[in-house]
Amino acid sequence: MEYVKVGQTTDIPTNTMRMVLVGGKEVLLANVDGAYYAIPNKCTHVGEPLAQGKLEGGIVTCPRHGARFDVRTGEAVGEAKIGFVKIKVKDEPSYSVKMEGTDILVGLG
């Protein structure tokens, strides 16, 4: 698997997230209690950018319809809601993250 450097540990403080580009793909990179995780940046419901959502305890909430994903695994842990209608969402894939010193690298594949 090929890894791409996406930043340094100082770029993403503890319990924050941001969008990074990896091989032309938008990836959500999250720092949860000092560990780094990566999933696609687009919600599986209608493709909203998850990096614009809220991160709490390893769970990112989509800013548009409230779907929730565990950034550590990509698992969908909360349905999207439009009014009173709940819509099941698919899990996100998760990407491998490794550290080289203070460099953060993400692998796609």
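Tutor: Start at a ring. Lys-98 lies over the face of Tyr-3, at 4.4 Å from the ring centre. The criterion is that NZ of Lys or CZ of Arg is within 6 Å of the ring centre and within 35 degrees of the ring normal. Aromatic pairs number zero in the structure. Such a pair would need ring centres of Phe, Tyr or Trp (its six-membered ring) within 6.5 Å, with planes under 30 degrees apart counted as stacked, over 60 as edge-to-face and the rest as tilted.

A word on the basis. The model is predicted: local features need pLDDT of at least 70, side-chain atom pairs count only at pLDDT 80 or more, and totals for chains, interfaces and linings use all residues. Residues are numbered from 1 along each chain as its sequence is written, and side-chain values use heavy atoms, with hydrogens and water left out.

Now the sheet. Three strands form an open, antiparallel sheet in the order β1-β12-β11. Strands here are DSSP runs of E, at least two residues, while helices are runs of H or I, at least four residues; both are numbered from the N terminus. β1 (3-8) and β11 (96-100) stand at the edges, each with a single partner strand, so one side of each has no neighbour in the sheet. The twist averages 30 degrees from one strand to the next. Axes for this are lines fitted to C-alpha atoms, for helices over the stretch in contact, and angles run from 0 to 180 degrees between N-to-C directions.

Take the pairings in turn. Two strands pair if DSSP finds at least two bridges between them. β1 and β12 pair in the antiparallel sense over five bridges. Lys-5 has Leu-105 in β12 as its bridge partner. β11 and β12 (residues 103-107) are also antiparallel, over five bridges. Here Met-99 stands opposite Ile-104 in β12. Ser-96 has Gly-107 in β12 as its bridge partner. β11 and β12 form a hairpin with two residues between them. Gly-101, in the turn, has a positive phi of about 65 degrees.

β12 is mostly covered, with four of its five residues buried. Buried means under 20% relative accessible area, exposed over 50%, and partly exposed in between (1.4 Å probe, protein chains only). Ile-104 belongs to a core of 11 residues, whose members include Val-22, Leu-29 and Ala-38. A nonpolar core is a set of buried Ala, Val, Leu, Ile, Met, Phe, Trp, Tyr and Cys residues joined through side-chain atoms within 4.5 Å.

The largest core is separate. Of its 16 residues, Leu-28, Ile-39, Leu-50, Val-60, Ala-67, Phe-69 and Val-71 touch the most other members. Strand β3 (residues 25-32) gives the largest share, three residues. Beyond neighbours within four places in sequence, Ile-39 has contacts (heavy atoms within 4.5 Å) that include Val-27, Glu-92, Pro-93 and Tyr-95.

Finish with the loops. Asn-41 sits between β4 (35-40) and β5 (54-56). Asn-41 is buried because its relative accessibility is 2%. Asn-15 lies between β1 and β2 (16-22). Its relative accessible area is 38%, so Asn-15 is partly exposed. Phi of Asn-15 is positive, near 60 degrees, in a residue other than glycine. Asp-33 is in the loop between β3 and β4. Asp-33 is exposed, at 63% relative accessible area. Asp-33 has a positive phi of about 55 degrees, although it is not a glycine.
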